[in-house]
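Open the structure in your viewer and keep the selection tool ready. The tour goes from one selection to the next.

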Amino acid sequence: MEDLKLIFASNLIRLRTSAGLKQSELGEQLNYSDKSISKWERAEALPDAAVLKRMAEIFGVTIDYLLSDHDQWEAPTDDHGVKELTFSTRIVTALAIAAIWTLATMLFVIFWLANDTAIWRIFVWTLPITLIVLLVLNSVWNEGRKNRFIVSALVLSLILLLYLTFLERQPWQLFLIAAPALLIVYLSFHIKKRWRK
């Protein structure tokens with residue numbers, strides 16, 4: 001039930017702000033106080049079915065849309081069926097990663113042209129930076145789903161980074177850290193709160 005309240009609150013905030021309505025203005029249209037709207041947006045309560053139906057009419061969406069989780073934000077269609085805005089989190093994530101690798105490639109080329117030396121380790125440093133950005137964006141947009149895989153890849157990339165940084169010494173022992181580090185990541189993502197009786 002808490003998840004449903006959070007999903008509804010998120011959708012309500014998004015729809016109300018994109019419609020340019022204040023809480024009090026929406027409250028007037030629904031014959032509710034702005035305190036009730038605030039309570040719904042804080043995920044403290046859900047409105048009844050009649051209010052949900054009226055909200056769906058106001059925003060031009062279905063009741064199912066109000067109560068469903070959306071991986072990407074899609075603005076409701078207007079009366080003519082034309083979408084006003086489409087926002088894809090996957091495209092933004094891909095753009096951010098492409099920007100990081102483009103910057104790394106630019107640095108590689110600049111150093112290569114300036115010093116006649118190709119510093120390939122720039123790309124080794126780019127991998128953990130990419131994974132950190134991916135971790136942050138996944139936490140924000142996907143509520144941390146699959147973060148354990150990203151954190152595992154980040155741990156492995158940091159070990160690889162250290163190994164390639166100190167390659168002259170051939171520090172193969174660094175790879176001994178991988179197994180316990182990945183075990184820690186696995187266990188940390190399986191910690192659950194339990195209620196005591």
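The stops below cover cores, a surface patch and ring pairs in this predicted model.

**Stop 1: the largest core.** Select Trp40, Met55, Phe59 and Leu66, the residues with the most contacts inside the largest nonpolar core, which has 17 residues. Helix 1 (2-18), helix 2 (23-30), helix 3 (34-41), helix 4 (49-59) and helix 5 (63-67) each supply at least two residues of this core. Helix 4 gives the most, with five residues. Now keep Met55 and show its surroundings: among the residues Met55 touches are Phe8, Leu12, Leu30 and Pro47.

**Stop 2: another core.** Select Ile150, Ile159, Leu161 and Ala178, which are included in a second, separate core of 15 residues.

**Stop 3: a surface patch.** Select Leu103, Met106, Leu107, Ile110, Phe111 and Ile119. These residues form a nonpolar patch on the surface, with about 510 Å² of accessible area together. Leu103 is found in helix 6 (residues 89-115) and counts as partly exposed because its relative accessibility is 49%.

**Stop 4: ring pairs.** How many aromatic pairs does a search of the whole structure find? It finds four. One of them is Tyr32 with Trp40, a tilted pair at 5.3 Å centre to centre, with 55° between the planes. Tyr32 is partly exposed at 33% relative accessibility, whereas Trp40 is buried at 5%.

Next select Phe108 and Phe123, a tilted pair at 5.1 Å centre to centre and 50° between the planes. Phe108 lies in helix 6 and Phe123 in helix 7 (residues 121-141), so the pair ties together parts 15 residues apart in sequence.

Technical notes:
Residues are numbered from 1 along each chain as its sequence is written. This is a predicted model: local features need pLDDT of at least 70, side-chain atom pairs count only at pLDDT 80 or more; totals for chains, interfaces and linings use all residues. Side-chain values use heavy atoms; hydrogens and water are left out. A nonpolar core is a set of buried Ala, Val, Leu, Ile, Met, Phe, Trp, Tyr and Cys residues joined through side-chain atoms within 4.5 Å. Buried means under 20% relative accessible area, exposed over 50%, partly exposed in between (1.4 Å probe, protein chains only). Helices (H or I, at least four residues) and strands (E, at least two) are DSSP runs, numbered from the N terminus. Contact means heavy atoms within 4.5 Å. Patches are made of residues with over 30% relative accessible area and no salt bridge: like charges are joined within 9 Å, nonpolar side chains (Val, Leu, Ile, Met, Phe, Trp, Tyr) within 5 Å. Accessible areas come from the Shrake-Rupley method with a 1.4 Å probe; for residues, only the protein chains shown count as cover. A salt bridge is a side-chain nitrogen of Lys or Arg within 4 Å of a carboxyl oxygen of Asp or Glu. Rings of Phe, Tyr and Trp (its six-membered ring) pair if their centres lie within 6.5 Å; planes under 30 degrees apart count as stacked, over 60 as edge-to-face and the rest as tilted. Lists of a residue's contacts leave out its neighbours within four places in sequence.
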